[in-house]
Amino acid sequence: MLDALTVAVAAAALALAAWCGFAAYRDQPTKDWHFIGMAVVSVLALAQLVVGIVQLGRGERPDQGMAIFLAYLVGSFAAIPAAGLLSLSERTKWGSVTVSAGAVVLAVLEVRLYDIWGG
């Protein structure tokens, strides 16, 4: 995996978590700007998904097994869109909390992906 991309996804996810956490602190639901931030983080996660699949296609293998690597890779791609959809159903501050929690989960998944790949 590309270490720089992993760090970029994790940093963007933590920034989104802080931003949505601050909105929740101010009793605000997710707004359009938050969804733009979620889209940026999702595009980064999509880039990581593509890079991971390409590296597997080139014959490179993760240290801890391909099945667990693919599960974490797909899970990291789905974390933010799932949190965004849940926040649409809860148009209170708890929607912002949901996105913030999903972004923290994504950052943790990135650390685990790095470990699985052999970093």
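**View 1. Leu73 in helix α3.** Leu73 is found in helix α3. Helices are DSSP runs of H or I with at least four residues, strands are runs of E with at least two, and both are numbered from the N terminus. This is a predicted model: local features need pLDDT of at least 70, side-chain atom pairs count only at pLDDT 80 or more, and totals for chains, interfaces and linings use all residues. Residues are numbered from 1 along each chain as its sequence is written, and side-chain values use heavy atoms, with hydrogens and water left out. Leu73 is buried, at a relative accessible area of 0%. Buried means under 20% relative accessible area, exposed means over 50%, and partly exposed lies in between (1.4 Å probe, protein chains only). Between Leu73 and Val7 there are 66 residues in sequence and 14 Å in space, C-alpha to C-alpha.

View 2. Ile68 has 33% relative accessibility, so it counts as partly exposed. Residues up to four places away in sequence aside, Ile68 touches Arg112 and Ile116. A contact here means heavy atoms within 4.5 Å. Glu90 is 22 residues from Ile68 in sequence. Their C-alpha atoms are 32 Å apart in space.

View 3. Two aromatic pairs are counted in the model. Rings of Phe, Tyr and Trp (its six-membered ring) pair if their centres lie within 6.5 Å; planes under 30 degrees apart count as stacked, over 60 as edge-to-face and the rest as tilted. A pair of aromatic rings is described by the distance of the centres and the angle of the planes. Phe22 and Tyr25 form a stacked pair, because their ring centres are 6.4 Å apart and their planes stand at 25°. At 47% relative accessibility, Phe22 is partly exposed. The rings of Phe69 and Trp117 have centres 5.0 Å apart and planes at 50°, so this pair is tilted. Phe69 is in helix α3 and Trp117 in helix α4, 48 residues apart, and the pair links distant parts of the chain. Phe69 counts as buried at 0% relative accessibility. Trp117 counts as buried at 14%.

**View 4. Phe22 and Tyr25 in helix α1.** Both residues lie in helix α1, residues 3-25. They are three residues apart, about one turn of the helix. Tyr25 is exposed, with a relative accessible area of 69%.

**View 5. Asp27 in a loop.** Asp27 is placed in the loop between α1 and α2, and α2 covers 32-57. Its phi is positive, about 60°, although Asp27 is not a glycine. With a relative accessible area of 54%, Asp27 is exposed.

**View 6. His34 in helix α2.** Helix α2 holds His34. The relative accessible area of His34 is 5%, so His34 is buried. Neighbours within four places in sequence aside, His34 is in contact with Leu16, Trp19, Cys20, Ala23 and Pro29.

**View 7. Ser100 in helix α4.** Ser100 lies in helix α4, which runs over residues 93-117. Ser100 is buried, with a relative accessible area of 14%. Apart from residues up to four places away in sequence, Ser100 touches Ala17, Cys20 and Gly21. Cys20 is also among the contacts of His34.

**View 8. The whole chain, for context.** The protein has four helices and zero strands. From the N terminus on, the order of elements is α-α-α-α. Its C-alpha atoms fill a box of roughly 50 × 20 × 20 Å along the principal axes. For 119 residues, a compact globule would have a radius of gyration near 14 Å; the protein has 15 Å, which agrees. That radius is taken over C-alpha atoms, and the globule rule is 2.2 Å times the number of residues to the power 0.38. Of the 119 residues, 39% count as buried. Among contacts with a separation of 6 or more, 81% come from residues 24 or more positions apart. The accessible surface comes to about 6200 Å², and 70% of it belongs to carbon and sulfur atoms. Areas come from the Shrake-Rupley method with a 1.4 Å probe; for residues, only the protein chains shown count as cover. The mean positions of the 7 positive and 8 negative charges are 6 Å apart. Lys and Arg count as positive, Asp and Glu as negative; His and the chain ends are not counted. Each charge is placed at NZ of Lys, CZ of Arg, CG of Asp or CD of Glu.
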